[in-house]
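This report goes through selected strands and pockets of one structure. Please look over the sequence and the model before reading on.

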Amino acid sequence: MNFCKQVLEAGGDIVPLTLPYDIVKGTGIFNPSIYYDEYTDKLLVNIRHCQYVLYHAEKEIFESQWGPLTYLNPENDLTLTTTNYLCELNKDTLEITKHHKIDTSKLDVKPIWEFVGLEDARIVRWNEKLYAIGVRRDTTTNGVGRMEFSELEFTDSGVQEIARHRIAAPPPDKTYCEKNWVPIINSPNHMVKWSNPTEIVSVDLGSNTSETVFLGKYIPQPCDFRGGSQVIPLNNTMSFACMHGVDLYKSESGRKNATYRHCFAVWDSEWNVIKYSKFFSFLENKIEFCTGMCYLNDHFLLSFGAQDNSAYVLKVPYRFMERACLD
């Protein structure tokens, strides 16, 4: 199901997000996280930039010598390095009006693994503090991933990271890579870690620890679900989020390939699953990822990346979203 096409036919809109060429120099921007900040009355979006171009043979008939899924790096930089840009959007047109590189220099240390920076950060404000929350994998020599809370402050010169919290996984904290925990926007320091079964964790920023506070029942589905967008209210009694599942497989040549698909997960006030929607793609690409959602002016705004090379905001009418989630 081509979700964007259905939204456009229902009166919605789609807006591409771009950054100046002198910043990206032809390499990829993707996985944007949109957030309406009531505290400042600003519509924000974090855009991830990496210094590579992803080549993907969508129909698997023109594979490169490295397979259908290939990262094309500069010759002098074979890392996967993420830089984040916090942008302000016009609330009517959804176009970028200002962009600010998130300055992490006060807290950065020398990376010791090849994936560098805060990846796929979701934006949320809790207790009057603005956070970009993502996974970082450059603090160990083997790429152990843990969720990090990056506290942000707007200054006259831009956006500064002023605090960083690396969060241990729930006890016994023995997993290799934690990623894609998504913030529950109206429940400070609580996140959905998995969505089938639903697992909710509470984060203590004083001790940088987390604990599982809710674990639901598994519902048989074609694949595992995880975040996704932030979790936001659908109405007074329900919450929902756009989640994703990944089908990892081998191409005919025996090389790694993947197909990402999304669905909406809907919960009641006790975090029982009401429904999982049908699986859908945004643009019928194999590589797509939704990392943000908010509500503004009777529309839901979903932000997603495609092929690690482009970023979009999809404007979805409220009634259409209700039907997509609940019918």
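The model described here is a predicted one.

Strand 22 and strand 23 (residues 299–306) run antiparallel and are joined by eight bridges. Within this pairing, Phe 289 stands opposite Gly 305 of strand 23.

## Thr 291

Strand 22 (residues 288–296) also holds Thr 291. Thr 291 has a relative accessible area of 0%, and because buried means under 20%, this residue counts as buried. Apart from neighbours within four places in sequence, Thr 291 is in contact with Asn 31, Pro 32, Ser 33, Arg 122, Gly 228, Ser 229, Gln 230 and Ser 303.

Strand 2 runs antiparallel to strand 3 (residues 42–50), and seven bridges join the two. Tyr 35 stands opposite Leu 44 in strand 3.

The two strands form a hairpin with four residues between them. In the turn, Asp 41 has a positive phi of about 60 degrees.

## The largest pocket

The largest pocket has a volume of about 760 Å³. It is lined by 28 residues, and those closest to its centre are Tyr 71, Asp 120, Lys 179, Lys 256 and Tyr 260. Strands that each supply at least two residues of this lining include strand 2, strand 22 and strand 23, as well as strand 5 (69–72) and strand 9 (118–126). The lining divides into 14 nonpolar, five polar and nine charged residues.

## The second largest pocket

The volume of the second largest pocket is about 320 Å³. Among its 20 lining residues, Thr 82, Thr 104, Asp 108, Gly 117 and Arg 136 are the closest to the centre. Strand 6 (80–89), strand 7 (96–103), strand 9, strand 10 (129–136) and strand 12 (158–166) each supply at least two residues of the lining. The largest share, four residues, comes from strand 6. Seven residues of this lining are nonpolar, seven polar and six charged.

Key:
Residues numbered from 1 in each chain as written. Predicted model: local features only at pLDDT ≥ 70, side-chain atom pairs only at ≥ 80, totals over all residues. Heavy atoms only, no water. Buried < 20%, exposed > 50% of the residue type's maximum accessible area, 1.4 Å probe, protein only. Contact = heavy atoms within 4.5 Å. Pairing = 2+ DSSP bridges. 1 Å grid on protein atoms, 1.4 Å probe; cavity = no way out; pocket = protein on both sides within 12 Å on 5 of 7 lines; lining within 4 Å. Points joined across faces, edges and corners; volume = space filled by probe spheres on them. Nonpolar A, V, L, I, M, F, W, Y, C, P; charged D, E, K, R; others polar.
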